[in-house]
Amino acid sequence: MQKNRGVLRQVGGLAAALLVCIAVMLAVYALLGRLDRMVLLGAFFGWLLAIGNFLSLSITVSNALDRAANGGSPQKAQLEIQTSSVVRPLVLAVIYIVLFRAKVCDPVAALLPLLFAQVAIKVLEFFRNDKKGGDTAP
C-alpha cells in the first residue's frame, strides 16, 4: 500500500476535480430543464469509469516502471504500458456500449466525465508541487 500512496493521492485529486466538473455539468442540465434520473446515472457511471480508467493507467505504469527499475526489462515495461493503452479504451468502449444499448443512462452525461478527466489531469499537473527538478536559483 505504501508503494501506491502517490497513485492513490493522484486518483483522489482527480476524483475531487471530476466531482466539481460534474456538478457544473449537472447545473447546466438543470438550467436547461433536462436534469433527470438518466442524466444522474450517466454522471455517476461516467465519474466511476473515468476514475477507474485513470486508476488502471496509473497502477499499470507504476508497476511497469518499478519492475524496470528493479532489474526488469525496459522493453517489457514499455510493452506492458502500450498493451494497457490499447486494452483500457477497448474495455471502456464495451462498457459504454452495454450501458447505452441497455438505455441505463444518458450517453452525453456518461461520456463528458472522460473529457473532464483529461482537462482535470492537465490542470492538476500544472498546479502540482513538484519536489523534483533542478535548482531554481539564478
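The model you are looking at is predicted, so let's take a friendly walk through what its atoms show. The protein chain has four helices and zero strands.

**The salt bridge**

- Arg67 and Glu80 are the partners, and their side chains meet at 2.6 Å, counted from N to O.
- This pair links distant parts of the chain, with Arg67 in helix H2 (residues 37–69) and Glu80 in helix H3, 13 residues apart.
- Side chains of opposite charge can pair when their charged atoms come close.
- Arg67 has a relative accessible area of 44%, so Arg67 is partly exposed.
- Glu80 is partly exposed as well, because its relative accessible area is 27%.

**A buried arginine without a partner**

- Helix H3 also holds Arg88.
- Arg88 is buried yet takes part in no salt bridge.
- The nearest side chain of opposite charge to Arg88 is Glu80, and Glu80 is 10 Å away. A salt bridge needs the nitrogen and oxygen within 4 Å.
- If you set aside its neighbours within four places in sequence, Arg88 is in contact with Asn53, Ser56 and Leu57.

**A loop residue to look at**

- Between helix H3 (74–101) and helix H4 (107–126) runs a loop, and Lys103 lies in it.
- Phi of Lys103 is near 50°, which is a positive value in a residue other than glycine.
- Lys103 counts as exposed because its relative accessibility is 63%, and the cut-off for exposed is over 50%.

**The whole chain**

- The C-alpha trace spans about 55 × 40 × 25 Å along its principal axes.
- Among contacts between residues at least 6 apart in sequence, 75% join residues at least 24 apart.

**Surface and charge**

- Of the 138 residues in the protein chain, 28% count as buried.
- The protein chain exposes about 9,400 Å², and carbon and sulfur atoms supply 68% of that area.

How values were computed: Residues are numbered from 1 along each chain as its sequence is written. This is a predicted model: local features need pLDDT of at least 70, side-chain atom pairs count only at pLDDT 80 or more; totals for chains, interfaces and linings use all residues. Side-chain values use heavy atoms; hydrogens and water are left out. Helices (H or I, at least four residues) and strands (E, at least two) are DSSP runs, numbered from the N terminus. Buried means under 20% relative accessible area, exposed over 50%, partly exposed in between (1.4 Å probe, protein chains only). Lys and Arg count as positive and Asp and Glu as negative; His and the chain ends are not counted. Contact means heavy atoms within 4.5 Å. Accessible areas come from the Shrake-Rupley method with a 1.4 Å probe; for residues, only the protein chains shown count as cover.
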